[in-house]
Amino acid sequence: MTLTPPPFDPELDAVLEILKDAVPPQLTMDEIEATRNGPGLAMLADLDLTLGGAFEVEDRVVPGPENAPDISLLICRPTAPATENPLPVIYHVHGGGMVIGNNRVGVDAALRWAKELDAVVVSVEYRLAPEHPHPAPIDDVYAGLLWTADHAAEIGADAERIVIAGASAGGGLSAALALLLRDRKGPRPLGQLLMCPMLDDRNETVSSHQMAGLGVWDRTANETGWTALLGADRGGPDVSPYAAPARAEDLSGLPPAFLDVGSAETFRDEVVSYATRLWQAGGSAELHVWPGGFHGFDGFAPQATLSQACQTAQVTWLRRLLAE
């Protein structure tokens with residue numbers, strides 16, 4: 001059966017044409033190392049993380065999981081906060097398909113929110129697959145969250161007002177973190193902001209088939225990322241929900257969620273399903289499916305009309321959450 005893919009937004013389609021050589025839709029195991037060392041990640045070193053002096057920036061090494069290496073947290077605090085009270089925290093988990101990236105990837109979005117909302121950003125570095133398969137990434141993300149909650153006062157933050165946020169693999173790890181914190185009775189996040197999250201290792205939705213070979217991060221790339229994380233267990237019966245949150249049988253008792261995804265991307269159906277299951281479990285979730293959006297479109301084309309609407313929806317949800 002041939003599945004017709006939904007159309008890309010015309011403005012974003014033009015961006016994809018420019019990106020197609022630098023960011024091909026597919027990624028194989030053999031290409032992970034070259035992608036890690038490509039020009040995209042090198043450019044992150046030139047990011048002005050202070051946003052023109054709005055933030056003071058610190059890299060801090062903190063204890064990692066038990067019997068594991070220390071982890072690095074990027075901590076960005078407003079230089080002139082609007083209040084003397086402890087500030088909310090955006091605990092940011094970077095994307096990269098579980099196999100690439102560092103704590104600078106995507107943090108510009110979290111810094112934009114934090115500048116507007118007067119918040120601290122903590123962005124966690126986690127070990128990458130395939131060298132460090134599950135549970136290494138989620139263990140690192142969990143350890144970083146515990147440190148942030150325990151040391152909130154030290155960084156001018158409020159341990160009771162931590163929002164976990166991430167895109168793509170970072171969105172999947174954020175969803176997994178919410179599950180892990182619930183089940184271990186750890187600190188309860190105020191909310192979870194899941195942008196085009198990577199949730200389901202099975203890779204068998206209609207959207208994953210529709211978008212094969214198209215856009216950014218197609219089903220071949222997705223298989224690569226999940227296989228790197230899970231090895232031979234990928235797609236099998238015994239995958240942990242802390243690796244692939246779509247595997248969780250119980251989605252009750254989780255913090256309020258914001259989920260968004262493009263209509264023209266691999267993750268569309270698994271994100272819509274996750275939001276639906278959150279509602280069915282009695283939870284609070286806001287879902288946006290951006291028409292014609294490809295994976296990560298708002299990061300690749302931040303000035304596009306659809307990206308602007310997406311960014312507005314994200315910060316509006318955060319503002320409402322933090323006001324409660």
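The largest share of the lining of the largest cavity, three residues, comes from strand E7, where strands (E, at least two residues) and helices (H or I, at least four) are DSSP runs numbered from the N terminus. This is a predicted model, in which local features need pLDDT of at least 70 and side-chain atom pairs count only at pLDDT 80 or more, while totals for chains, interfaces and linings use all residues. Residues are numbered from 1 along each chain as its sequence is written, and side-chain values use heavy atoms, with hydrogens and water left out.

By cavity I mean a set of points, on a 1 Å grid over the protein atoms alone, where a 1.4 Å probe fits but cannot get out, and lining residues are those with an atom within 4 Å of a point. Searching the whole structure gives one cavity of 30 Å³ or more, and the largest cavity has a volume of about 50 Å³, a volume being the space filled by probe spheres set on grid points that are joined across faces, edges and corners. Two elements give two or more residues to its lining, namely strand E7 (257–262) and helix H10 (297–300). Among the lining residues are Asp 260, Val 261, Gly 262, Cys 196 and Cys 310.

Cys 196 is in no disulfide, and the nearest cysteine sulfur, that of Cys 310, is 8.2 Å away, whereas a disulfide is a pair of cysteine sulfur atoms within 2.5 Å. Over the whole structure the search finds zero disulfides. Cys 196 is buried, with a relative accessible area of 7%, and Cys 76 is buried at 0%, on a scale where buried means under 20% relative accessible area, exposed over 50% and partly exposed in between (1.4 Å probe, protein chains only).

Now to the sheet. Eight strands form an open sheet in the order E1-E2-E4-E3-E5-E6-E7-E8, with mixed pairing, where two strands pair if DSSP finds at least two bridges between them. The edge strands, each pairing on one side only, are E1 (55–62) and E8 (285–290).

What of strand E3 in particular? Strand E3 (residues 87–93) runs parallel to strand E5 (residues 157–167), with six bridges joining them; in E5, Ala 165 is the bridge partner of His 92, and Ile 164 that of Tyr 91. Five bridges join E3 to strand E4 (residues 120–124), again parallel, and Val 89 has Val 120 as its bridge partner in E4. Seven of the seven residues of E3 are buried, so this strand is largely enclosed by the rest of the structure.

Key. 1 Å grid on protein atoms, 1.4 Å probe; cavity = no way out; pocket = protein on both sides within 12 Å on 5 of 7 lines; lining within 4 Å.
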